[in-house]
Amino acid sequence: MPRPFVLHPACALALAGALSAQAWLPSSPFPSWGNNPGNVTLLAWDPAKTSAQNGAALENLAENLQPGATLSVGPGVWTVSNRFDLSIVASASQPVRIVATNPTNRPIITRPNASQNCLNVGSNGPCRYLVLQNLVFTGGGDLLRIYDGSHVWVDGCYLHDGNGVGIAVQTNSC
């Protein structure tokens, strides 16, 4: 006859502790500062322009965002031919957000060749409190390279088919 399973009290206590939330973990994986929409600018893909012209418009708006701004990007293929760098110092109370207008029809941000990364963050100066949400990055060298970045939240983005890695992180303080 098989013996009944009996959990030793010490094992039960250890198991209960392992299953409960750890004190060092945040209560949520989402940063509290990431959902503040701030001032929203809508950028729709213009069918009268080429993908590169639309990409230049995206690059110009994104690189000049101010703290508290949200750039809501419409669906389309946005080809960025120049070096694309976000070096924006924002704060927890006024983050900068670049998001898809329609998360089910994401904008595609691409590079025409691998001579440059698809998107650089903090390579021309520090970047703080940046949200990239529901975007597609494709083409180029590395898809997303973070240099001097702090509080950078990449959420729901699809990164594929770059010539390097998906997300590369380095620091300027080492």
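1. First, the ground rules. This is a predicted model, so local features need pLDDT of at least 70 and side-chain atom pairs count only at pLDDT 80 or more, while totals for chains, interfaces and linings use all residues. Residues are numbered from 1 along each chain as its sequence is written, and side-chain values use heavy atoms, with hydrogens and water left out.

2. Look next at β9 (residues 136-138), which is joined to the parallel β12 by 3 bridges. Within this pairing, Phe137 is opposite Leu159 of β12.

3. Axes here are lines fitted to C-alpha atoms, for helices over the stretch in contact, with angles running from 0 to 180 degrees between N-to-C directions; contact means heavy atoms within 4.5 Å.

4. Thr138 belongs to strand β9 and is buried, at 12% relative accessible area. (Buried is under 20%, exposed over 50%, partly exposed in between, using a 1.4 Å probe and protein chains only.) Its side chain reaches the backbone oxygen of His160 at 2.9 Å. Leaving out residues up to four places away in sequence, Thr138 touches Ile108, Ile109, Thr110, Arg111, Cys118, Leu143, His160 and Asp161.

5. Two phi values deserve a look. Most residues other than glycine have a negative phi. Asn134, in the loop between β8 (127-133) and β9, has a positive phi near 60° and counts as buried at 18% relative accessibility. His151, in strand β11 (residues 149-155), also has a positive phi, about 60°, but is partly exposed at 39%.

6. Last, Asn105 is in the loop between β5 (96-100) and β6, and is partly exposed at 40% relative accessibility. Asn105 and Val136 are 31 residues apart in sequence, with their C-alpha atoms 9.9 Å apart in space.

Definitions and conventions. Pairing = 2+ DSSP bridges. Helix = DSSP H or I, 4+ residues; strand = E, 2+ residues; numbered from the N terminus. Polar contact = N/O pair within 3.5 Å; in protein donor to acceptor, adjacent residues only side chain to side chain.
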